[in-house]
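This report is written for a reader meeting the structure for the first time.

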Amino acid sequence: MRRRLPLILIGLSIACVPVEPDSDLFDPVPGYDGDHLAGRAAGEPPSPLPDAVQTVYIEPAPSFLNDRRWRQEVEAAFRAWEQVLDGARHYVVVGDRSVADVVVGFRDGEIQEAGACPTQVIDRELLAVTFAQDVPPCLRGRIYFRVDIGAARWTMHGAVEAGAVDVQTVAMHEAGHLLGLGHNDTVPRHIMNTAYGGVVRALTPGEGQDALDRLHAPKQRP
Ligand SMILES: [Zn+2]
């Protein structure tokens, strides 16, 4: 299974396979194609995490963001997906990282977590990155926002001024990767557009259907 996915194997000491490929992300630079950073062939979608109920641990906010608001915005992103998935996914926010299927937090530079997961350098062009993996003892999903996003800056109130990047919008995009979605640049303003295109606070039925199609897709590719 998944033999067609080019896997990222960087300095692994245990059997921890980053199935996802990892992603990309909304990039503030127009025309940038994040797929080459995913370690997979262009257009190859990630594998969705398997469980219908997933626990989510939200790490403390960095000093430049209000912690309470940060948590609210990340949770809202997952709730937005619940609303268009017709019960196919339910997310439970937990306070114990050790029981979390999904961890959401900020990182800068290298991502390295002892004993569990691969080291991955976050490209300086990216806003955030998503890992999905389902091989124990690894946590299965990680969403890392980048602390330093250059000239842009993180905001949490749907701000639309130049250079503002909305936390909730990016969280919704990343959560889409955990559902198995790749990028979709054929539908304007689709949450899975490669490039960040402004604040999005609700998902469309079409976006929900895209995710349901991935969740119900056969596990084995021909
Ligand atoms: Zn992406």
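Of the 222 residues of the chain, 42% count as buried, a residue being buried if 20 or more other C-beta atoms lie within 10 Å of its own, exposed if 12 or fewer, and partly exposed in between, with C-beta atoms placed from the backbone. This is a predicted model, in which local features need pLDDT of at least 70, side-chain atom pairs count only at pLDDT 80 or more, and totals for chains, interfaces and linings use all residues. Residues are numbered from 1 along each chain as its sequence is written.

The chain has three helices and nine strands; helices (H or I, at least four residues) and strands (E, at least two) are DSSP runs, numbered from the N terminus. Their order from the N terminus is β-α-β-β-β-β-β-β-β-β-α-α. Contacts require C-beta atoms, placed from the backbone, within 7 Å. Among contacts between residues at least 6 apart in sequence, 70% join residues at least 24 apart.

Strand S3 (residues 102–107) is largely enclosed by the rest of the structure, because five of its six residues are buried. Two strands pair if DSSP finds at least two bridges between them. S3 pairs with strand S1 (residues 53–58) in the parallel sense over three bridges, and tyrosine 57 stands opposite valine 103 in S3. S3 also pairs with strand S7 (residues 141–146) in the parallel sense, over six bridges; here arginine 107 stands opposite arginine 146 in S7.

H1 and H2 pack at an angle of about 45°, with their axes 8 Å apart; axes are lines fitted to C-alpha atoms, for helices over the stretch in contact, and angles run from 0 to 180 degrees between N-to-C directions. That angle makes H1 oblique to H2, since angles under 35 degrees count as roughly parallel, over 145 as roughly antiparallel, 65 to 115 as roughly perpendicular and the rest as oblique. Residues of H1 in the contact include Trp70, Phe78 and Trp81, and those of H2 include Val167, Gln168 and Met172.

Key
Contact = placed C-beta atoms within 7 Å.
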